[in-house]
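I'd like to walk you through one structure, so let me put it up on the screen.

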Amino acid sequence: MPAFLADLAESNPRLFTSIWAAATVVFIILSSLAVGGAARWLARVRGKDRMYRHRTFWGYFFASPWIVGYLLFVLGPTLASLYWGFTRYKLPEPPQWVGLENYIELLTGDQKFRVSLLNSLYMTVLGLPLQMGAALAVALLLYQQLRGHHLFRIIYYLPVMLATSSAMLITWRLVLNPNNGILNTIIREIGEAIPPFEWLTRAGVYLVELSSAALMGLQRGDYTLLHRIVERGFPTPGAIPLWHQDQLWSKPALILIGIWSSGAMMLIYLSALLGIPREILEAARVDGASPWQQLRHVILPLISPATFYNLVVGIIATLQIFEQSYVLTENGGPAESTYFVAYYLWRSTFRFNKIGYGAAMSWLLLVIVLVLTLIQFRLSRRWVHYA
Amino acid sequence: MGKKLLILVAVVSVLALLLSACAPKPTPQPTEVPTEAPTEATEAPTEEATEAPTEEAVTIQMMVVDYIPDRTDKWLEEEVVPAFQAEHPNINVEFIYVNWGTLDETVQGYFAAGQGADIINLGSEYIAEYGDRLAPLGEYFADWDGFAQFLPSTLDTVTWEGEPRGIPWLTAPRAYMCRMDLLENAGWDHVPATFDEMVQMAGDVTVIENGAIVLKGFQATGEAATGGRGDWQEFISLIWTLGGTLYNEDGTPNFDSPEARAALQYMYDIHRAQFPDETVADLPEVTGALLASDMLACYWGNLWGAPPTNDPIWERIELFPGFTHPDFPASSPVVQVFNDWLAVPAYSEHVAEAAEFLKFLGSAENLNTYNSHFGSFPPRQDAWFGFVEEDAVMQRMAELMQEYGKGFADIRETAQLRDILMTEIPLFLTDAQDLETTIGNIQSQYTEVLEEAGRIP
């Protein structure tokens, strides 16, 4: 900032702000004129008539604040980050061109990236289907038009607005406290009252620990923990989930929160269900289809576009999990078990000041999301049925 | 049409000016400052710095991370600043409050942008990270008598290339505290004197019921966040206790030393003494100090995490510096001393004014008042009056700090080291990898970090 402006900012902040505001407005108007003028010139070059040119000018004039905003605040930074991805950039030093070094390091040498990518994929492969299943189950319940279904709809949707707020995540920390959290207290109480439930809990603990330990082995190339759990055998009576305290349980804890906050998916499913013509279901019933057969052969195919939408949006959202690692499990712990790609990207860029590396990671994440989405679109031809 | 557009531009500009005039009232200018200083804040040093601050109206910003909401902030804004402005009516001070969770990003952002707060609140280990980007303040402090009053060990924390880059603001030593009544219940009539005794005591005291710990023998302060799976700062303290160092003379990491191995093995042993396997739930989160909850027998940390020093429970708590290891002749208890401090970034355009405010904040009275909020020690010895003198616990901690104190400073590339240790230590403690793998990972990863940062060739 020029010295005279800096002086003005200190001596008369009100005038300084006014000047900035006026300059911004003037800039917007001038850039709108430029965009509109350019559009009109192009129309003239293409031999359009006077009325067309006139409408083109004003159309682009009024659209240009968004066009210019997009160019300056979206496309500009996007291109800058594309360039930075090929540099070693550590502020305050200028970026240094290193070619593909960042990408090669990410794909071949960086164990943290492998850990974070596999953590993200775990959430996508295991967490997302559970989240979608829960959303569908609730939507099917609400579809029955039970008394007070409007109220239930609000109740199920509320967590969407609260789910990733810090206050809510801290509340979850208390709910999931392995020692005296309400969830484990309920599990213990039910287990004491109904012995088969206690056995089921232990089986669940064993299954989760085995699968998480196998994933950890894959991430680090060291299966010591998996061997230890196998050696230890089936958990002893009283075993409980350790949730965010333990590296084997932290991701299931996040999946649980994801299920609790699947209200947006539920709404999509519900609207799709409400769009199914009643006659089709009645015809199925008349033909003797059981409720399960109706669901399997009529409802699910008819709501497949909603399932597809939830799947695509869910994959993108799951690969971008951030708040949960930052607040609930504090710095991606324990032992990097909730280090997800988006979190590692942020940490590399802002905490470790490796801006070039972070930019490369963000582009790699974009490619991964893009590839997964394209695969989904390709596969969708086989199972998504549009009316 | 050109004329119409011109009119349109003019009208919109006038509207913009009018709108901005409706903006909230800006920060009061120095002329609005009350002329009478409140009684609790103290007088500023009267000495003039070599480079006198400007006489023009200036607003400086101070970023604060160590504060208690509604207490420290009120004291700063309502008492300290008015008192300072009574001496310097042209210097206004604004505060930006941040938390430890976002401190790194905030400071990185300031330095990246080359602008930000004129005074920043840094943690004990930060001099190695930011020293070369902070303004040297030697000339401003040259004729300030108060500067000589700071404890030499605290000045190490703020000194870079022989020049002070700020002032220590808060001193928080970490020592061991044991509830003797809980130890006696487990058959212990004395606090552990060796590493092995600590492990033995932790196992003897710990009680597990229904898969969860209900009474724990020992916990380090950082373990509340890791579910009892180690504290990276305790690891460093243990290495020092065993007589080890973090770096070799050539600047390479020394985490594969016998001392580091022994420290890590001890952390494993004490963990395993309390968690027979990894199906046991750690202590719950509690409000207040765990030591006062009857759920924890021994604690390593500072007095913030301990019961209030006027709590009668202190009659049952023994405060001690640590223990030794018979296999390491150089081992000696270490009280890790954290000195949070205030620095002036080199990008600041108001270094002289910021230094003036630092001198004011650094008076014995102000440091005493500020540290009384936290139960921490003023880093100036002539500020050890009032709550420091009158409190037996503080007195005992002061003795330990003087005899066994070692500053938690010069930790290079702290953020990345913290990440490495917070990943590798829990993996070892939970049997996910063995000692040699853990040591190897720490050493190789940290070496890579230091190389990349250009700290070693």
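Let's begin at B:Thr72, which sits in helix H2 of chain B, the helix covering residues 72-87. Please keep in mind that what you see is a predicted model. Is B:Thr72 buried or exposed? Its relative accessibility is 0%, and since buried means under 20%, B:Thr72 counts as buried. What is B:Thr72 in contact with, once we leave aside its neighbours within four places in sequence? There are B:Asp66 and B:Tyr67, and then B:Tyr370, B:His373 and B:Phe374.

Now let me zoom out to the chain around that residue. Chain B has 457 residues, and 59% of them are buried. Its secondary structure comes to 17 helices and twelve strands. If you take the contacts in chain B between residues at least 6 apart in sequence, 75% of them join residues at least 24 apart.

The largest nonpolar core has 59 residues, and the members that touch the most other members are B:Ile120, B:Trp169 and B:Phe357. Which helix gives the most to this core? That would be helix H12 of chain B, residues 351-361, with eight residues. Have a look at B:Phe357 in particular. Beyond its neighbours within four places in sequence, B:Phe357 is in contact with B:Ile60, B:Met62, B:Val80, B:Val81, B:Phe84, B:Val93, B:Phe95 and B:Ile119. There is also a second, separate core of 57 residues, and B:Ala220, B:Ala297, B:Trp300 and B:Val449 are among its members.

Finally, let's turn to chain A and its surface. Here we find a nonpolar patch with about 870 Å² of accessible area together, formed by A:Phe27, A:Ile28, A:Tyr60, A:Ile67, A:Tyr70, A:Leu71, A:Leu72, A:Phe73 and A:Val74. Two helices of chain A, H2 (13-45) and H3 (50-84), each supply at least two residues of the patch. Helix H3 of chain A gives the most, with seven residues.

Why does A:Phe73 count as exposed? Because exposed means over 50% relative accessible area, and A:Phe73 has 66%.

Methods: Residues are numbered from 1 along each chain as its sequence is written. Chains are lettered from A and ligands numbered from 1 in the order in which they are written. This is a predicted model: local features need pLDDT of at least 70, side-chain atom pairs count only at pLDDT 80 or more; totals for chains, interfaces and linings use all residues. Side-chain values use heavy atoms; hydrogens and water are left out. Helices (H or I, at least four residues) and strands (E, at least two) are DSSP runs, numbered from the N terminus. Buried means under 20% relative accessible area, exposed over 50%, partly exposed in between (1.4 Å probe, protein chains only). Contact means heavy atoms within 4.5 Å. Patches are made of residues with over 30% relative accessible area and no salt bridge: like charges are joined within 9 Å, nonpolar side chains (Val, Leu, Ile, Met, Phe, Trp, Tyr) within 5 Å. Accessible areas come from the Shrake-Rupley method with a 1.4 Å probe; for residues, only the protein chains shown count as cover. A salt bridge is a side-chain nitrogen of Lys or Arg within 4 Å of a carboxyl oxygen of Asp or Glu. A nonpolar core is a set of buried Ala, Val, Leu, Ile, Met, Phe, Trp, Tyr and Cys residues joined through side-chain atoms within 4.5 Å.
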